[in-house]
Amino acid sequence: PSQRRRGAALGLAAAAAAAAIGAREPRRAPGRRDFDGGDDYIDDGPAPRSPFFGGRDAFDDEPMRRPPRRPAQDFAGSGGPPGGGRAHLSARRPPPRGDFFADDRPERRPERRPPPGRRASSGPSTQFGELTVRGPAVRFLQNQERMSGRALEPTPIQAASMLPIYEGKSVVLQAPTGTGKSLAFLLPLLLRLEEEAWRAPRSGLRLLILVPTADLQVQLCGLTRALVGEGRADTVCMLRRDMDNTSVRGMVVVATPRQVNELLEDPLTRQVWGDALAGLDMVVVDEADRLVAKWNRFQRKKRLEGGLVDPCLKVLQRISEETFRLGRKYHWQLVAASATVNRRTERNLRFSSGRALDLIRAKGTDMPAGSANPMGQYGEGTTSWPAGLRHTLRVLKSFRFNVAMMVVTDTIIELAADRVLVAIAAGAENVPKSTFGLNPVTGILRYRLEQHRFKVDTCSSAVEAAARMWVPSRRVGGGGEDQLREVIVGTSEALRGIHLSDLDAVIVLGDPVSTNEYIHLAGRTCRYQTETGEPSGGSVVTVCPENTADRIVKWGALTGFRVFEVPLSEPHPPIPGKERDSLDLRSMASQEEVEEAPARPAVVVDDDLFAERPASEGEEPSTLSSSGAWG
């Protein structure tokens, strides 16, 4: 009987303990699951202390203590979990040692919401097209207007794309080089990112920008920091291999796909960056055709046989997998941009990311008469080439380094341009990279041109100087006694997507392998100007072998530009308005010869030479002029 009474007493005690524990448990919301797989709880208030232990540990005299939480800084300046996500699921309280009745479920933390009637961005606002711009971006636009001296109007691609991007649509932008595609996607994305960060603040990576080169990485990072303002510049991170990448710094990261892949393959950073990609809201692929569709048919076949995948496609596939794992497959936005977009580019982006993409294209000028494809690439009868861009050829039968550099030097002097870009397109069999490298070409040009008051520098130095405070690098002057003309040298790979303001001419040295490469190199000049709101004039001179000249003529007939050949025995016509400067520079270059024989008269450019001439009877239209001073 005594054992039965003792058992009944223990049973009553156990029932009382169970009732007390049930009273302090929070209710579970039926049918709700959070993004990380845990249950979502509804807390009804403070839990009562246990009547058995009085809130103390059964085997220790110390009261139960909760570990302190460290608030994380996010884009809006509020506290949040270090890894991003819901705030009330980030901090879990471990049970004290020996307390089997402690509650180890997550504690709900109230979310911070803006007070009613308050905007996400304070300060002045302005209207840029159909987009209302607030915050530090207003100061950036005002500075551009102050420098141009006129009201700033969006370019055609900006007017057509900014509002859809701001509304969250995944799009592909296609427009000629120099039309402001970078500002077209950065401005609406940063505005929406700030508003979403204020409504639902959380830290971690929110916007990832993928670029092909390190120079473009520097330039886009400088533009992004100028748009977010000086106070938030530290939220924009430019990824580098020599920095500590064991944690994600900033909410906006500008990186190359190869850098991101290395972090995803490294055991020390694999988990951190995998979780960061899972919480992404926006992804930008700049120069998309270079990142996802750069190979020709033979190269694609070889890479398929070897099982090789482009780094950018790997990153997009990983983002799709990580977001699907957290139930966010359709909760992120993809924006791609390039001057040359074809079906293969759009298809690779769509299948690797799983996102449906809309094409937004800015129409160019009308196709010229005599084009092999009068309807153009997109069947609209327009070309992506801006009006006023002039294309000339200087053909070398024997393409040797010394002869080619002499022709380039003479062409720069004869153009009399204030700012010239020399683009090295090497890699073919007759133009090897080992011979036509960046350092040899820069050294020869610096030696031959500095005595004629030309400053020769590389593309990387020019980009870094312009990106320090993101102000357009103005031209150095009009040839006065105290001013230097500037020559910038870069390879075709490094110049992709780079904006260099006020380039009067581009000299392509070597052998462009495709139409896309020629379009991107020639597009460094004749870009939209804030002063006029229209593309400025420019010249593209290609110093190349004979087989390359034949290809460029065919490209002109297909894509809609006219090509003129300038013989090596004649001086190249100068930039319009620079005829007198060209004569002075040529006189300085051949001062010893001028004393013995009179100098050749200055060549005056007649605009009719570049105008479309109807073909005579019985003659087929052609894009190559082969008579007079032009061929």
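This is a predicted model: local features need pLDDT of at least 70, side-chain atom pairs count only at pLDDT 80 or more; totals for chains, interfaces and linings use all residues.
At what angle do helix H6 and helix H7 pack, and how far apart are their axes?

**View 1. Helix H6 packs with helix H7.** Two packed helices are described by the angle between their axes and the distance between the axes. Here, H6 (residues 257–265) and H7 (residues 270–278) pack at an angle of about 125°, and their axes lie 6 Å apart. Angles over 145° would count as roughly antiparallel and those from 65 to 115° as roughly perpendicular, so H6 and H7 are oblique to each other.

**View 2. Residues where H6 meets H7.** On the H6 side, look for Leu263, Leu264 and Glu265; on the H7 side, find Arg270, Trp273, Gly274 and Leu277. The residues of this contact comprise four nonpolar, one polar and two charged.

**View 3. The buried residues of H7.** Which residues of H7 are buried? They are Trp273, Gly274, Ala276, Leu277 and Ala278. Their packing partners are strand S6 (207–210), H6 and helix H10 (311–325).

**View 4. The largest nonpolar core.** This core has 72 residues, and those with the most contacts inside it are Leu173, Leu187, Leu207, Ile209 and Leu227. Helix H4 (residues 181–199) provides the largest share, nine residues. Both domain 1 (125–361) and domain 2 (389–472 + 484–561) contribute at least three residues each.

**View 5. The surroundings of Leu227.** Leaving aside residues up to four places away in sequence, Leu227 touches Pro136, Ala137, Phe140, Leu183, Leu186, Leu187 and Leu190. A second, separate core has 32 residues, including Ala255, Ala288, Val292 and Val315.

Methods
Residues are numbered from 1 along each chain as its sequence is written. Side-chain values use heavy atoms; hydrogens and water are left out. Axes are lines fitted to C-alpha atoms, for helices over the stretch in contact, and angles run from 0 to 180 degrees between N-to-C directions. Helices (H or I, at least four residues) and strands (E, at least two) are DSSP runs, numbered from the N terminus. Angles under 35 degrees count as roughly parallel, over 145 as roughly antiparallel, 65 to 115 as roughly perpendicular and the rest as oblique. Contact means heavy atoms within 4.5 Å. Ala, Val, Leu, Ile, Met, Phe, Trp, Tyr, Cys and Pro count as nonpolar, Asp, Glu, Lys and Arg as charged, and the others, Gly among them, as polar. A nonpolar core is a set of buried Ala, Val, Leu, Ile, Met, Phe, Trp, Tyr and Cys residues joined through side-chain atoms within 4.5 Å. Buried means under 20% relative accessible area, exposed over 50%, partly exposed in between (1.4 Å probe, protein chains only). Domain bounds come from an automatic or database domain assignment.
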